[in-house]
Amino acid sequence: MTAASGAAHGLLFRHVATPDGQLALPVDPVAIARAEGIDVPSVGDAYGRWDSAVALGRALEPDGAEFGWPGKFAYALLMPAEIVRAMSAPAPDVPGMARRFIVPWCQVRRRLAMLGLEAYCE
């Protein structure tokens, strides 16, 4: 797990997990940011949610973080790896996943590629 994924994972379990440890989807990056005392742009459509998650990642980015930390954080926050893997079996339904996570379908494709679940090409 990368540092960005670890930070996202910690926030998910602090602010999004149900009492039995399950994650309630879709994740609301603005609600998490507010709970952490951070101001981010409000959520509108799937692109706005993505922008909010990246803004939260920028606000939490540690000094000396790896290149692309805010984006990697946003992927892990909005589309947790274990859930993406479960939803991808036996084959990923990109439009369905985009609707479930409320993110742009292109971000689902990139997340699948990051996790080695699908080849990505723009």
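Predicted model: local features only at pLDDT ≥ 70, side-chain atom pairs only at ≥ 80, totals over all residues.
Local features need pLDDT of at least 70, side-chain atom pairs count only at pLDDT 80 or more, and totals for chains, interfaces and linings use all residues. Residues are numbered from 1 along each chain as its sequence is written, and side-chain values use heavy atoms, with hydrogens and water left out.

**Helix α1**
- Helix α1 (a DSSP run of H or I, at least four residues) comprises 13 residues, 3-15, and spans 18 Å from first to last C-alpha, close to the 18 Å expected at 1.5 Å a residue.
- Ala-4, Ser-5, Ala-8, Leu-11 and Leu-12 of α1 are buried (under 20% relative accessible area, 1.4 Å probe, protein chains only).
- These residues lie on the same side of α1, because they cover an arc of only 130° around the axis.
- Ala-3 and Arg-14, on the other side of α1, are exposed (over 50%).
- The cover over the buried residues of α1 includes α2 (29-35), α3 (46-60) and α4 (69-78).

**Ser-88**
- Ser-88 belongs to helix α5 (residues 81-88) and counts as buried, because its relative accessibility is 7%.
- Its side chain reaches the backbone oxygen of Val-84 at 2.7 Å.
- Residues up to four places away in sequence aside, Ser-88 touches Met-97, Leu-112 and Leu-117 (heavy atoms within 4.5 Å).

**Largest pocket**
- The largest pocket holds about 220 Å³ of space.
- Its lining has 14 residues, of which Met-1, Ser-5, Ala-76, Ala-81 and Arg-111 are the closest to its centre.
- α1 gives the most to this lining, with four residues.

Terms used
Helix = DSSP H or I, 4+ residues; strand = E, 2+ residues; numbered from the N terminus. Expected span 1.5 Å × (residues − 1). Arc of directions from axis to C-beta. Polar contact = N/O pair within 3.5 Å; in protein donor to acceptor, adjacent residues only side chain to side chain. 1 Å grid on protein atoms, 1.4 Å probe; cavity = no way out; pocket = protein on both sides within 12 Å on 5 of 7 lines; lining within 4 Å. Points joined across faces, edges and corners; volume = space filled by probe spheres on them.
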